[in-house]
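Here are my notes on the model you sent over. Have it open while you read; I've kept to the core and a few charged pairs.

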Amino acid sequence: MSGATLVNTGVPFDAATAASRVLGIQSKLHDRAAADPGRRFDDLFNLVADPAFLLQAWRRVRANTGARTAGVDGWTAYEIENTGDGLAGFLARIRADVKARVFVPLPVAERRIPKSGGKVRRLGIPTIRDRVVQASLKLVLEPIFETGFSSSSYGFRPGRRAQDAIEDVIHHARVGYEWVFETDIAACFDEISHPVLMDRVRARVGDKKVLALVKAFLHAGVLTGEGDLRNTPSGTPQGGILSPLLANIALSAIDEHFDAQWDRHGGNTGRRRHRRRGGATYRLVRYADDLVVLVHGTVGHAHALRGEVADVAARLGLRLAADKTRTVHIDDGFDFLGFRIQRHTQWGTDRRRVYSYPSVKAAKAVRAKVKEMTGRQTMNMDPAVVFTRLGQILRGWTNYYRHGASKIAFSELDHYVWHRVWKWLRRRHRRRHWRWIVRTYGSPRDRWGYAADGVDLFRPAAVPIQRYLYRGNAIPLPWSRQSENS
């Protein structure tokens, strides 16, 4: 790790120069990690405190909507920028504390987010100060660990999307992987074993100062809403910037288990030979703690995976969610990442094809949001504001699902939105004739559309369906592109 380009100079940077410097160093780390998979990096601590890395870390924290939410110290990003010596002083103090090894993370503030079924998701909100150091750690560690992550892992990784995971499932289901073992890791972010996680981090990081910093964040504790301080003997609080990377480092043990089986048979010829002898082959597709294992074999092979996956998870201190673990056939279909994936007969032909489209749960969720925005509680809001907020909800939802066979779902949603808005307008203008509502809120650009003060109501049915190409192992990383361009 020697070399002038990796030395902490202490020179202040503007944003563009900092971004360029960080990307260049990340590319070097990535290339060296890829060239030597067994290499342990011993000189990383200076990079965590490097002014360019801290500035880039701040920019990522500041750009996140969570920057408006304070941690236990009560400071938001805006207040830091506009108080005392501002951002420069704030980053200088962080750098001095980290370099002097007196930096101590504060407990995260617990936020409880209601989930379906009466369950609760526990989020841990770090202070802005801790988020910046976590982001800097991630900038240093991510290029190293990404070289060893599996192509079957998609969640919280640069350049990868949920749609890539969906297309991976569809691709393999089309070539014979028809049985599906689906499961979810229960309370993954709360129960990951710290010793196991740290052992996996040590496999690539030999810098004891960096290891101590990671461990300090793991043991920072949680301040509950009732004001009680709870220790964190396990887990990595969901909500921290570093947590998704640490979770992927731990959960990659599951990826490695199935990758070893995949590689054991060599290429496709070896896998076909293995199946002819009565064996099965498996393809794991994992998005964070949500995973499916596609089986080219029998239902017995698929059922046997329950114990196999549970054993691997147990080594990480984790367990499978019993209510989300089952074995299904692709013809019966299953829900994954908000999509329903199922094989149907193609309309007008006798061909069988695997389709993905919005799940029933996803459709109900977006309708609930539309209903809330067109309920009695919004009756006094300006129609243009309501149309704008509905557009934000509907654009986000349709953009996520536009790569599936979603045309019918979009049309049904469009029909639902139209009627909800019509009822909302009739309630808002009870003394007006319906013709007045049509003249006032009818869109001049769309016969069946609504508009208010120049704001057109978004029409889900107008969103075009665009097929998403399966990218396989050809998903580039930002640092590999940098290396190719340099």
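**Notes on the core and salt bridges**

1. The largest nonpolar core has 76 residues, and Leu44, Val132, Leu137, Leu141, Ile185, Val210 and Ile254 touch the most other members. By core I mean buried Ala, Val, Leu, Ile, Met, Phe, Trp, Tyr and Cys residues joined through side-chain atoms within 4.5 Å. Buried is under 20% relative accessible area, exposed over 50%, partly exposed in between (1.4 Å probe, protein chains only). Helix α6 (residues 128-146) gives the most to this core, 10 residues; helices here are DSSP runs of H or I, at least four residues, and strands are E runs of at least two, numbered from the N terminus.

2. Keep in mind that this is a predicted model: local features need pLDDT of at least 70, side-chain atom pairs count only at pLDDT 80 or more, and totals for chains, interfaces and linings use all residues. Residues are numbered from 1 along each chain as its sequence is written, and side-chain values use heavy atoms, with hydrogens and water left out.

3. There are 25 salt bridges in the whole structure, each a side-chain nitrogen of Lys or Arg within 4 Å of a carboxyl oxygen of Asp or Glu. In one of them, arginine 286 meets aspartate 255 at 2.8 Å, N to O. This pair links strand β6 (residues 281-287) to helix α11 (residues 243-264), 31 residues apart. Arginine 286 is buried at 1% relative accessible area, and aspartate 255 is buried at 1% too.

4. Glutamate 178 pairs with arginine 343, closest N and O atoms 3.0 Å apart. Glutamate 178 is partly exposed at 25%, while arginine 343 is buried at 15%.
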